[in-house]
Amino acid sequence: MAKTIFRRYFGPDEADWDPRFDYAANGEEAGLTMVRFTPDTVIVRDQSYKPTRWARDTQVTSERQPP
């Protein structure tokens, strides 16, 4: 499931993904669990990462950035 989500935002080539997300490639083997939660409040902080070439080409990241 994590790979499906990451492919949507980072593109199909896992080699282009930010290294901080390498765990998605072997999440099940590493015993990681996907968690869904619904917050009561939200605080926004800049947790930027370098977009992959696919994300830049398809403008996925531009949808989230202010004009």
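1. Two rings of Phe, Tyr or Trp (for Trp, its six-membered ring) count as a pair if their centres lie within 6.5 Å; planes under 30 degrees apart are called stacked, over 60 edge-to-face, and the rest tilted. By this rule the chain has 3 aromatic pairs. In one of them, the ring centres of Phe6 and Trp17 are 5.7 Å apart and the planes stand at 80 degrees, so the pair is edge-to-face. Phe6 belongs to helix H1 (residues 2–10), while Trp17, 11 residues away, is in the loop between H1 and helix H2 (53–58). Ring pairs join Phe6, Phe10 and Trp17 into a cluster.

2. A note on the basis of these values. This is a predicted model, in which local features need pLDDT of at least 70 and side-chain atom pairs count only at pLDDT 80 or more, whereas totals for chains, interfaces and linings use all residues. Residues are numbered from 1 along each chain as its sequence is written, and side-chain values use heavy atoms, with hydrogens and water left out.

3. Phe6 and Trp17 are both buried. Buried means under 20% relative accessible area, exposed means over 50%, and partly exposed lies in between (1.4 Å probe, protein chains only). Of the 67 residues in the chain, 19% are buried.

4. The chain has 2 helices and 0 strands. Both are DSSP runs numbered from the N terminus: helices are H or I with at least four residues, strands E with at least two. Taking contacts (heavy atoms within 4.5 Å) between residues at least 6 apart in sequence, 54% join residues at least 24 apart.

5. Glu14 is in the loop between H1 and H2. With a relative accessibility of 25%, Glu14 counts as partly exposed. From C-alpha to C-alpha, Glu14 and Thr52 are 9.5 Å apart in space, and they are 38 residues apart in sequence.

6. The charged end of Arg8 sits over the ring of Tyr9, 5.0 Å from the ring centre. The rule asks for NZ of Lys or CZ of Arg within 6 Å of the ring centre and within 35 degrees of the ring normal.

7. Met1 lies in the segment before H1 and is exposed, at 65% relative accessible area.
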